[in-house]
Amino acid sequence: MILKQLRLSRHLSQEQLAQMSGLNVRTIQRIESGHKASVESLKCLAAALDVEVSTLNEENFVIDKHAHNWQALPLWLRCWFGFGLLHIHPTRRVAKRIETMSHATGFLFCLLGFVSEAALAGGLIMLATAYLFYLFSWQGDRYGIWFDTPAAGERQSA
């Protein structure tokens, strides 16, 4: 069941989903851990998440390329999905980790550029990669594509 994936994609906590659906938090925890849900619970969850009951029973989350959310994404962001660079469950944490590592190695290689021109070129490429992932993270926040919740202190755009 893809309940947890749907909940996280909408940036909802289990408590928020419980309140929206009228179910107990423990019920949502049980369903997310793989226990069978009653038809009534599925109907409440489907209504709260604005999906069909059959969608909740799907095993794999597939991006509907005809959905309004998909069409609203910029072309370059859809290409990231198309090339598999975001996998199927993009997480902000991974994008920020790549950005940080690219910045660190880029600055290191730029410093080594005093010794070797090749190191300088590599450093500039790494810095460009870092800024690309910064742009990607910003757009991910803007369009809400993340499957993880932001860490404490991180700003999330609406």
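## A first look

Serine 137 lies in helix α9, where helices (H or I, at least four residues) and strands (E, at least two) are DSSP runs numbered from the N terminus. This is a predicted model, in which local features need pLDDT of at least 70 and side-chain atom pairs count only at pLDDT 80 or more, while totals for chains, interfaces and linings use all residues. Residues are numbered from 1 along each chain as its sequence is written, and side-chain values use heavy atoms, with hydrogens and water left out.

**Serine 137**

- Serine 137 has 1% relative accessibility and therefore counts as buried (under 20% relative accessible area, with exposed over 50% and partly exposed in between, using a 1.4 Å probe and protein chains only).
- Leaving aside residues up to four places away in sequence, serine 137 touches Ala95, Lys96, Glu99 and Trp146; contact means heavy atoms within 4.5 Å.

**The whole protein**

- Of its 158 residues, 35% count as buried.
- The accessible surface of the protein is about 10,000 Å², and 60% of that belongs to carbon and sulfur atoms; the areas come from the Shrake-Rupley method with a 1.4 Å probe, and for residues only the protein chains shown count as cover.
- Among contacts between residues at least 6 apart in sequence, 58% join residues at least 24 apart.

**Helices α8 and α9**

- Helix α8 (residues 92-112) packs against helix α9 (residues 117-143) at an angle of about 155°, with the axes 7 Å apart; axes are lines fitted to C-alpha atoms, for helices over the stretch in contact, and angles run from 0 to 180 degrees between N-to-C directions.
- α8 and α9 are therefore roughly antiparallel to each other (over 145 degrees; under 35 is roughly parallel, 65 to 115 roughly perpendicular and the rest oblique).
- The crossing of α8 and α9 is left-handed, meaning that the near helix is turned anticlockwise from the far one by less than a right angle, with clockwise being right-handed.
- By class, the contact of α8 with α9 has 16 nonpolar, 8 polar and 4 charged residues; Ala, Val, Leu, Ile, Met, Phe, Trp, Tyr, Cys and Pro count as nonpolar, Asp, Glu, Lys and Arg as charged, and the others, Gly among them, as polar.

**Helices α2 and α3**

- Helix α2 (residues 14-21) and helix α3 (residues 25-32) pack with their axes 8 Å apart, at an angle of about 115°.
- α2 and α3 are therefore roughly perpendicular to each other.
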